[in-house]
Amino acid sequence: MHLLDIQNVSMHFGGLRAIKELDFTMGEGEIRGLIGPNGAGKTTFFNVVSGVYIPTHGRFFFKGLDITRLRPHGTARLGIVRTFQAITLFKNFTALRSVMVGRHLHSRYNFLGALLNTPGYRNNEQENLERSLEILEFMGLSKYKDELALNLPHGHQRALGVAIAMAAEPRLLMLDEPVTGMNPEETAEMMGLIKKIRERGISVLLIEHDMKVVMGICEKITVLNFGKKIAEGTPQEIRNDPTVHEAYLGGEDYAS
Amino acid sequence: MTGQVLAQMAITGITLGLIYGLIAIGLTLIFGVMRVIQYAHGEIYMLGAYALYYLFAVYHLPYWLSLILSTVIIFFLGVGLQLLLFRPLHGKPMLYSLAVSLALIFIISSGGLIAFGAVVKGIPSVISGQIKIFGAELTYERLVIAGISLALILGLWFLLQRTKVGIAMRAVAEDPETSSLQGINNRRMHFIAFGLGSALASIAGGLMGTLMFIVPTMGFMATVKAFMIVIMGGLGSVVGALVGGFIIGFIDSFLTTLASSELAYIMGFIVILVLLVFKPSGLFGQEWE
Amino acid sequence: MSTAIRAQRKKIGIVLLGVVGGAFLLAFPFIIGQARYTEHVAITICFNVAMATSMWLIWSLGFVSFAHAGFMGIGAYTSALFLIRLGLPMWVGMWAGAFMGAAIGLVVSLPLMRTRAVYFFMASWAVGEVIKRIFAYYRNFLGGWEGLFNIKPPKLGPIDFANRTAYYYLALLLVVFVVVAVARMNRSRTGWIFWSIHESELLSSHLGIHALKYKVVAFTIACFFAALTGALYAHYHQYINPRSFDIWVSEFTLVHIIVGGLSSVAGPILGASILTLIDELLRPTEFYRVIIFGVILILTVLFLPGGLESIPRRIKARFGRLPEDQGTRKRLLGAFTDGLSRKAKGGE
């Protein structure tokens with residue numbers, strides 16, 4: 001059984017066909033790259049999978065479960081967590097608080113417990129705190145734990161976005177351009193982190209324009225253009241694929 | 001129901017629809033171009049009515065001059081408000097503009113009660129005589145007022161579709177970042193939009209005041225109706241404001257005659273709430289965050 | 001000074017403040033010699049603080065509800081009718097009113113919370129308006145525009161709550177209940193969830209937070225508190241009419257929370273208290289007091305966007321411990337660049 005199984009999915013917005021009859025599968029433990037020129041439909045794809053949009057046609061499955069009509073809180077509950085192309089954070093929360101909120105699904109939150117400050121609630125929050133600190137440590141953000149998200153430098157804001165996603169304990173982590181605006185050091189760090197994330201048993205689906213990153217850590221790459229899949233294969237295969245070259249001509253910088 | 005009653009209701013409905021349309025278009029302009037909630041829009045409407053009253057009925061300037069002058073005064077008042085109060089809030093969350101315009105309501109309506117007194121006044125008619133349509137009375141005055149409203153709406157359409165200023169305003173409304181990159185002076189557009197929106201409200205106030213009566217608390221209802229119409233028609237949509245204006249105008253006219261103004265009021269709300277359930281962005285609204 | 005010691009000092013300070021403040025509040029009627037008018041103002045402050053605090057709860061999710069006064073009215077009318085028609089004392093009526101408010105709030109919020117924040121304020125306005133009109137419409141049952149009379153306050157053994165001093169303690173109990181409940185909610189994970197929806201519904205929903213559910217919960221609870229306040233209001237004034245619960249009341253409550261500050265529970269408390277005092281002081285000036293309210297609001301929005309509660313922070317930033325490095329300074333200033341929506345810090 002595939003981890004993610006997209007069957008003949010289309011996403012139309014009025015006259016605009018953002019995704020056309022897309023078939024896509026992904027297995028557990030993969031680091032999959034999703035590339036394509038601007039406007040190819042990559043972020044729309046994420047939006048469909050995570051439940052921001054309900055596809056116009058087609059169905060898709062997560063570990064065999066039909067999740068076509070699930071909304072974001074539903075897909076998150078199943079273990080599909082994503083980050084966003086534009087930096088999307090809780091601007092006025094500290095990094096630590098942000099990650100604590102990220103743990104929502106696994107925080108054993110109970111309204112009455114929280115209201116009455118029961119020992120059970122306090123114990124849970126202690127555990128949540130420890131786990132959150134672990135995640136911040138893992139992402140290299142420990143020293144920023146009490147900084148407001150809006151005050152963090154750009155690269156750390158992106159890292160925080162990933163940290164928050166990690167707090168939700170994903171089975172499938174979908175990263176939308178995680179290294180945009182990062183310098184080479186930060187980029188290399190993120191690449192290492194993504195590999196470590198996979199070592200923890202989390203599958204990763206990665207949208208990225210930086211080809212070094214994509215070629216560097218993805219075992220398999222899917223290429224979209226104009227909402228359709230035009231190629232799929234190993235980095236080597238994709239690098240040499242003439243259709244892919246053509247798609248990028250006149251648009252993206254497709255340096256290998 | 002006789003043809004006469006029907007015709008009368010239709011006439012009232014059309015007149016109200018046009019005037020409501022004017023107020024609503026003014027509001028939707030302000031909101032569309034600046035994403036500002038001008039909760040005090042109805043108060044501007046009230047000020048326009050009183051400006052006309054003072055110029056025409058008290059200082060005895062010719063009606064037409066009074067109308068134009070009052071509009072110009074309120075236009076600049078609008079620009080002033082934008083400059084002092086709303087400009088500094090640019091980019092901040094909507095709660096700020098709501099708060100500031102709420103404060104304006106307090107100040108203007110209470111100020112109005114102090115300055116103008118709570119007595120209901122009327123603006124004397126300039127034109128007399130009427131004709132009969134399907135047995136219903138249509139005063140020339142009402143005809144002229146409807147005509148002025150229509151002319152203004154058409155003029156506005158022309159402005160927005162054919163002139164540089166209008167197209168620039170629409171560009172700012174649609175995409176402020178791109179419009180400024182294209183060389184449009186966003187700031188100036190904001191001033192013009194606020195002034196223009198206020199001017200429309202002012203004229204509507206004058207016309208309604210001429211048709212019926214004026215009282216310092218008339219702004220409240222105008223605000224309610226304006227927001228109802230703008231939300232129904234879709235925030236930022238001029239066509240929507242006009243269509244919504246007619247819908248509310250007809251509901252008001254028909255239900256007030258047939259039942260009560262209470263019912264007309266409530267029905268207006270119900271229609272909007274129902275509409276929002278099916279079309280959350282209004283009839284012609286754009287999806288925006 | 002280390003953060004730990006600073007935190008402990010802060011805690012001691014708060015406890016001290018609580019004890020002194022609590023003692024003052026409890027002794028208040030006797031401090032002022034049971035002066036009737038002063039007690040009236042104090043009771044009014046209690047009601048306004050309760051209303052402001054519950055409205056603030058709704059704000060923590062990012063919404064402004066103009067229906068709030070309407071729900072106060074639901075509680076007031078229910079409790080009044082329980083006494084007038086059913087002969088049941090306020091002790092029963094007030095809970096009936098509170099639960100009625102909550103129930104209607106729940107039903108109304110289900111469709112209402114689906115609208116976007118911009119439309120929501122108008123939709124909530126409509127709800128409040130409809131509620132008021134319903135009160136006014138049913139002459140026989142609800143008293144119409146004339147309202148309901150003879151809403152007698154209850155007795156408890158030897159204590160007759162027609163005595164204003166006794167009612168003061170009742171009002172005090174109400175406001176403490178509401179404030180503690182809201183403060184507790186806000187401080188716990190519940191509050192984090194609420195604010196996360198406020199900050200970014202997109203992100204929080206992608207973390208498994210069912211935004212609609214929490215919006216409905218918060219709104220319902222807020223309506224519960226508003227209705228409870230309404231019940232106590234009814235039995236205090238012993239007379240209510242639809243105009244007591246119209247849009248102006250909701251609008252004034254909004255002014256209370258904006259002027260007081262929107263980022264912590266201190267905001268509504270400060271705002272409602274101080275503005276109610278100012279309102280009472282200005283009562284003889286009639287229309288001018290409304291104008292002054294407007295001016296205060298504009299001044300607050302333009303020059304003190306964090307509200308009254310942000311004053312200690314601002315003083316500290318300007319005169320207090322000088323920030324040693326960019327980071328701390330940025331943190332202090334970052335805290336009120338977005339004035340109206342600063343949230344609590346992490347690590348509590």
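User: Which residues are buried in H11(C)?
Analyst: In this predicted model, the buried residues of H11(C) are C:Val249, C:Ser250, C:Glu251, C:Phe252, C:Thr253, C:Leu254, C:Val255, C:His256, C:Ile257, C:Ile258, C:Val259 and C:Gly260.

User: How many of the 14 residues is that, and what does it say about the helix?
Analyst: It is 12 of the 14 residues, and H11(C) is therefore largely enclosed by the rest of the structure.

User: What span should helix H11 of chain C have at 1.5 Å a residue?
Analyst: Helix H11 of chain C covers residues 247-260, and at 1.5 Å a residue its 14 residues should span 20 Å, which agrees with its end C-alpha atoms being 20 Å apart.

User: And what comes just after H11(C)?
Analyst: The residue there is C:Gly261, and its phi is positive, at about 120 degrees.

User: Staying in chain C, at what angle do helix H8 and helix H10 pack?
Analyst: Helix H8 (residues 189-199) and helix H10 (residues 211-237) of chain C pack at about 115 degrees, with 10 Å between their axes, and the crossing of H8(C) with H10(C) is left-handed.

User: Which residues meet there?
Analyst: From H8(C) there are C:Ile193, C:Phe194 and C:Ile197, and they meet C:Ala211, C:Tyr214, C:Lys215 and C:Ala218 of H10(C). By type, the residues of this contact between H8(C) and H10(C) are six nonpolar and one charged, with no polar ones.

User: Switching topic, how many residues of chain A are in contact with chain C?
Analyst: On the chain A side there are 35 residues, in contact with 29 residues of chain C. The elements of chain A that give two or more residues to that side are helix H2 (72-78), strand S6 (80-82), helix H3 (95-102) and helix H4 (111-116).

User: Which one gives the most?
Analyst: That is H3(A), which gives five residues to the side of chain A that touches chain C. The residues of that side divide into 17 nonpolar, 10 polar and eight charged.

User: How is chain A itself divided?
Analyst: Chain A has domain 1 (1-79 + 170-256) and domain 2 (91-164), and the centres of these two domains of chain A, taken over C-alpha atoms, are separated by 27 Å.

Conventions: Residues numbered from 1 in each chain as written. Chains lettered and ligands numbered in written order. Predicted model: local features only at pLDDT ≥ 70, side-chain atom pairs only at ≥ 80, totals over all residues. Contact = placed C-beta atoms within 7 Å. Helix = DSSP H or I, 4+ residues; strand = E, 2+ residues; numbered from the N terminus. Nonpolar A, V, L, I, M, F, W, Y, C, P; charged D, E, K, R; others polar. Axes fitted to C-alpha atoms, helices over the stretch in contact; angles between N-to-C directions. Left-handed = near helix turned anticlockwise from the far one by under 90°. Domains from an automatic or database assignment. Expected span 1.5 Å × (residues − 1). Buried ≥ 20, exposed ≤ 12 C-beta atoms within 10 Å, placed from the backbone.
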